[in-house]
Amino acid sequence: MAEPASLGEGKPEQAHHVLVPPASISQTTPDDGAVNDADLLLAATSISKAFAGVPALVDGRIRLKRGSVHALCGGNGAGKSTFLNILMGLHRADAGTVMVKGRVVHYASAAEALADGIAIITQELSPVLDMTVAENIYLGREPRRMGWFADKAKMEADATALFARLGFDIDARVTMRSLSVAKIQLVEIAKAISRESDILIMDEPTSAIGEKEAATLFKAIRSLQDQGVGIIYVSHRLTDIFSIADSYTVFRDGRFIEAGDLANIDRQRLISLIVGRDLRDQEARKSTSTGQSMLSVSGFARHGQFEDISLDLAKGEILGLYGLMGAGRSEFANALYGNEPKDAGTVRIEGKPVEIRSPSDALANGIAIVTEDRKETGLVLTSSVSENVVLAALDQFSKLGFVDGKKVASNVDGQIARFRIRTASRDLPVQSLSGGNQQKVVLARCVETEPKILICDEPTRGIDEGAKREVYAFLSAFAAAGNSVLMISSEIPEILANADRILVFRRGRIAGELEGAKATQEALVHLAS
Amino acid sequence: MSTELTTNAISASAARSQAVGRFLSRYGILLSFIILVVILSFAHPNFLSSGNLMNVLRQVSINGILAIGMTFVILTGGIDLSIGSVLALTGVVAGSLVTGADPYNPAIAFFAAVGVGALFGAVNGTLIARFSVPAFVVTLGMLSMARGATLLYSNGRPIPNLSPDFRWLGQGFVAGIPVPVIIFAIVFFAAWITLRYTVYGRWIYAVGGNVKSAKTSGIPTRTVIFSAYLLMGALAGLAGMILTARTTSALPQAGLGYELDAIAAVVIGGTSLTGGVGSVVYTLIGALIIGVISNGLDLMGVSSYYQQIIKGAIIVVAVLIDRSRNMNP
């Protein structure tokens, strides 16, 4: 377990780099001066961007050399996505310059960036599932015959040649639908490569693929590197970064922090650069765990998503589940709640074995869930605040099937006051509320079912700091009353500040357990990646 | 502090414009209906006579009953195209029980019609809710199958000589009000109370609004979806029986295109085709608008060919207005 002392080092670093005047950018790292202009594919300096007055990026910079794999690192909200979107012409920078191959550019659209030889592979896959692999790769730039007809044979031959060159084991003639997610990801990568760009941006390319595909991908990346392609590699997986990249740039809180060669930095130091200052300015949580068992899960499995998950949750405890995207945390939570079927596993609540086959079983056993995506699976957006709050507990508000409107109204008003939900009326559509207030509606709905166990999947995603604190305070009070919380989060500071204990998921399994008080960001990231 | 004030001011003004919008969406359709009635009463002196109004209501009751069932189905995010055919089948089934020298009691015909309708609804509902076949496909297939079954059952011929007791259900009066109108009123109030005041009603809205969220909240979503088609089928049976009793003989080709009129009433009423938003009150007004328009055009001697064009245009315009209103904020 790493000492938090390394976090202290982060502070002067940050202060130093923020103060670097723009004129001396090229001296930021010693090796930059040595690069001659012909080798410099991309240089971005002092890029800033604000959305509706809220700065998302304050000082974005990067220098990408020909034949280099450059890791762009940073936590959530570090400004990486905004930065990449500016490079790709999807957003316009408020200030700063982007130079591509020695020329200052101002892209107005992704098409212009593509034409200039910059391609991106995003995390969001957008395959046309019922078209063939070859058709997907050449979508929108199909080779033609006589000006009108798509030349399918040429497409397939070209795609097959491309796969052979990259070493991808994919049949170009089958439909995308028949491929696994990992193969679809590889096709998207091949599609970007097929544009013969000299700058390739890869955003979390390994998040959806297994070890084997990752090895294939890395081999392809190395051969591109040999051809002189420059690659910006974005990933939370430090293991990947250290095995494929040669240089790095770290962003934090929308600012450039440091750049350099990976040969000159170790994992611990890179983590502390990414994590930066300690966010524990919220008062440290005092564990209210009683040690009595509330929930005991053993041998939970859903093949292909998670295997052999066992955990114990005590009364009064907040247990954190941490892991990267796709590590199986949310899938486990949904199976535990009965939303998705499981292949194996048993559950005990307060020592008694229970069988949970559906959400109503879970609710009957005192389990409630705050799902990952409040718009997609959480709220009925077309209904009012009031209807959403009481939705899961309607039987408590009804007699002979008739809803007692007065009882609902007074109860919902009570919840609105308790959670300080900002709405002009309980009858307004929940759609009209801000994200933070919508999330409070979801919490209020859970509370209405009087749960003993609350599963929170990313309970503060996309909500502001104030609302976050209110959610934390609620969870803490909920646990203090002798209930239990299973808190899933991919935000490290959040999970460190709020969980009594943390289980780390990695590729569908529990990779380790950390005591909340002793856990550090470094240890978490180390276990998860 | 100041940002908080601004946010409050913004949300207050947003609430106000929302209130205006909601007033319009609540009463806009009623307003159109009233304007339509005023125009027609000037256009033709007989329009407002009590005899004609009763006539309109009697005509509306069949489509109204179907449209109420359709409201449930559409609120869950579904559609039922089979009801015109199911209505014809239940009509000939009911007719066959009350024809000839020794007719059964009308109550038997009533239960048979509603039962056969419910059975077809149950088949639709099972395929849609349990086996996740798209509602459009299932009910399109059922549209054809139920019509075929109707022709088979009746040998393609009308069933005449229905008993007077049975015909009372379509042609009789209670306290000066036509029996079909009374049945329609009962169905309407029951549906209105169900959707507005019962747990089941909340479930219908929740399933149509966000089926995943409804499932997470412990709502038996499949059962709810199934029940909407079951109810729709039963109401199609009820409507089929009334139609048969009104026309004095059971016609195997009855109900052609009735599903479209029912959908039109729901849509004109502003119920969202994607589910989760709407009410039977709006559907009632939608059905009345359709009924009043065709009655008014009849009175003015407009050819039924033109009537179809006008009716179609009104449906599209109603939805167009609804869309532009929803797109404003």
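**Why the sheet and the contact get their names**

Q: What makes β23 (residues 501-506) and β24 of chain A a pair?
A: Strands pair if DSSP finds at least two bridges between them. β23(A) and β24(A) pair in the antiparallel sense over six bridges, so by that rule they count as a pair. Within it, V504(A) stands opposite G512(A) in β24(A). A strand here is a DSSP run of E with at least two residues, and a helix a run of H or I with at least four, numbered from the N terminus.

By the way, this is a predicted model, where local features need pLDDT of at least 70, side-chain atom pairs count only at pLDDT 80 or more, and totals for chains, interfaces and linings use all residues. Residues are numbered from 1 along each chain as its sequence is written, while chains are lettered from A and ligands numbered from 1 in the order in which they are written.

Q: Why do β18 (367-370) and β24 (509-515) of chain A stand at the edges?
A: The open sheet runs β18-β21-β22-β15-β23-β24 in chain A, six strands with mixed pairing. β18(A) and β24(A) each have a single partner strand, so one side of each is left without a neighbour in the sheet.

Q: Which residues make the contact between chain B and chain A?
A: Residues are in contact if their C-beta atoms, placed from the backbone, lie within 7 Å. The contact takes 24 residues from chain B and 26 from chain A. On the side of chain B, α8 (199-209) is among the elements that give two or more residues, and α8(B) gives the largest share, six residues.

Conventions:
Contact = placed C-beta atoms within 7 Å.
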